[in-house]
Amino acid sequence: MQRIGVFVCHCGTNIAATVDVKAVAKAMEKEPGVVFSTDYTYMCSEAGQTLVQDSIKKYGLTGVVICSCSPHMHELTFQKAIAKAGLNPYMLEIANIREQCSWVTKDIKVATEKAIVLARAAVAKVVLNSPLTSGTTQVTKRALVIGGGIAGMQTALDIAEAGFKVDLVEKNPSIGGKMAQLDKTFPTLDCASCIVTPKMVDVGQNENIRILSYSEVAEVSGFVGNFDVKIKRKARYVDEDKCTGCGACTEKCPMKKIPNEFNHNLNNRSCIYIPFAQAVPKVATIDPRYCLMLNKGKCGICSKVCQAGAINYKAKDEYIEEKYGAIVVATGYEQIKVDKYDEYAYSQSPDVVTSLEYERLMNAAGPTNGHLLRPSDGKEPKKIVWIQCVGSRETCDPTKGPARGKPYCSKVCCMYTAKQAILTKDHYPDTDLYVFYIDVRTPGKNFDEFYRRAVEQYNVHYIKGQVGKVTPENGKLMVQGSDLLLGEQVHIEADMVVLSAAIEPSPTARPLATMLTTQMDTNDFFTEAHPKLRPVESATAGIFLSGMCQGPKDIPETVAQASAAAAKVIGLLCKKELTNNACVAHPNEMMCNGCSQCQGVCPYGAITYVEKEFRMPDRTTKVRRVAQVNEAVCQGCGACTVTCPSGAMDLRGFSNQEIMAEVDAICQ
């Protein structure tokens, strides 16, 4: 006989202000199987949990129903509480009467009636619940970090410092990411290279970190604690172990007119190249798209001048397979393509540049050696205009077609514009600078003071308004905009225009999310498990988020999140074994027809098929193909149960019988 206890939480006034909690508790006393029902101010408090534990012992409860907030908040808390009282943790049901009742209406009568219905459904289900036992799996003491920017490097270093092995996968020939391309950082104006280069060296010299540069993740399978990953190492045509980074091959290579991606194509590089002076690993890479030897069988000069004998034209892509206990995503960001904004003349004039291109023009290691020169004629500009929010904060007008940009604020544009303006004034005091903006957003320590410094100390002209058109004319850029504060049109004859373009996730993010079976939002940023309580974890166990892959943020925030992700990984890898999810799928082999539909929809690869002998009523044996579930891999999503045409697949803790009992209770 079932003995159920019901506990209704006030949640302060979150629930009690709209739901008559005492009426709910009173109504539950009449439900079949309920032997005790009460209410309390905060059920999640220590006193509330003690009330539940004492009631289990006093009334011999076999099941517990908590009427409170979402189970996402405190289900684990209450499971641990009843387990301490000797009750199986899966003999618990939570009726969500906060988010689903009190927070969606102000009508006390309606909210109370709905709360009673939800509580009744929870009671009906817990009566049919059966004790479940979780299995355990061993943890592989190794981590994978995907992305070698500042986020990935910080995460890898923190994990490595805890004594665990880390593989750092970077798609480019060198780690460093976007920060290696910056000139200075706001608001302190520290040299970006002076900050990131020592970090890169630390990563390269750490004995617990293996850098897999010029590589990509090809396949991911497995589950938390035991991920199986295949990594594609693209052919460099240069032996990393032999190359000394002397640069002789890059100097002698005859193919020297290849756009330099590191400098945003503002100058050229050779076919065999080292991305930048501080690259880690400092190893040359041959670009197979342009190499004469690889494409036509001619040249071979780099091989002749390489004294280390590192050149290998016969190199092939390699695949390595490794097991990991945890995976950290740190895939970073890109600026959106601005050539679709024809009104700003980006594709018409070389003097219209993006903010990252401007960074390279200002950088001492850039294409102009730190001298700010117009790309069109190599002269110093005397008047520069910045256009803010190019592609950011755009709403879609159905009458004008799909939006070209992004609906969100890119967060860092206002600050790096102020930084670039200040640096320009420092180097060229006579330059006139103008910034067209929608709003100036400075959400950070000393950020607003930094912006005011640009306006008040450096006399940067901030104009609240938008630019309607930029027109190249007689070697100048005619900027037409509006000043909303003065209510008039503005015409500026500029030498350069800088577009503060929106940032977006790396194009590798979505295919990677598919491999990792984790979630993304509509803008292709990875989605955290909980925006407040689990900000660096993904919804898929064992997958963690670091840096701009999760959303726009500045460098300090990125580093903080990177270390937070590392802390979560360390906490996972420190465990000898993990407790598996007990609410897993299981097939009724007698009903399974071997159709494979459940296998096709399983996002975790937990379902396989086996040939099995069955004894028939006439005592003959028959071999049938039936589904088999790997309970260590299954995450209990339920996709297979709704797909199975024969109804053979069920989910422990959420069986068809239990779900229908809830439906029947609601329909009473």
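Trainee: What makes β11 and strand β12 (residues 226-233) a pair?

Mentor: Two strands pair if DSSP finds at least two bridges between them. β11 and β12 are joined over eight bridges in the antiparallel sense, so they meet the definition. Within this pairing, G222 stands opposite F227 in β12. The model is predicted: local features need pLDDT of at least 70, side-chain atom pairs count only at pLDDT 80 or more, and totals for chains, interfaces and linings use all residues. Residues are numbered from 1 along each chain as its sequence is written, and side-chain values use heavy atoms, without hydrogens and water.

Trainee: Why are β11 (215-223) and β17 (318-324) called edge strands?

Mentor: Three strands form an open, antiparallel sheet in the order β11-β12-β17. β11 and β17 are its edge strands, as each pairs on one side only. From one strand to the next, the twist averages 20°; axes are lines fitted to C-alpha atoms, and angles run from 0 to 180 degrees between N-to-C directions. The names follow DSSP runs, with at least four residues (H or I) for helices and at least two (E) for strands, numbered from the N terminus.

Trainee: How do you know that the span of helix α6 (residues 150-161) agrees with its number of residues?

Mentor: The expected span is 1.5 Å times one less than the number of residues. The twelve residues of α6 should therefore span 16 Å, and its end C-alpha atoms are 16 Å apart, which agrees.

Trainee: Why is α6 described as largely enclosed by the rest of the structure?

Mentor: Buried means under 20% relative accessible area, exposed over 50%, and partly exposed in between, with a 1.4 Å probe and protein chains only. Ten of the twelve residues of α6 are buried, so the description applies. Among them are I150, M153, L157 and I159. The buried residues pack against several elements, including β6 (142-146), α7 (192-205) and α15 (555-573); contact means heavy atoms within 4.5 Å. After α6 comes G163, with a positive phi near 100°.

Trainee: What makes C11 count as buried?

Mentor: The relative accessible area of C11 is 13%, which falls under the limit for buried, so the term applies. C11 lies in the loop between β1 (4-9) and α1 (21-28). Its phi is near 50°, a positive value in a residue other than glycine.

Trainee: Which omega value goes with the cis peptide bond from F186 to P187?

Mentor: Omega is near -5° for that bond, and P187 lies in the loop between β8 (184-185) and β9 (190-191).
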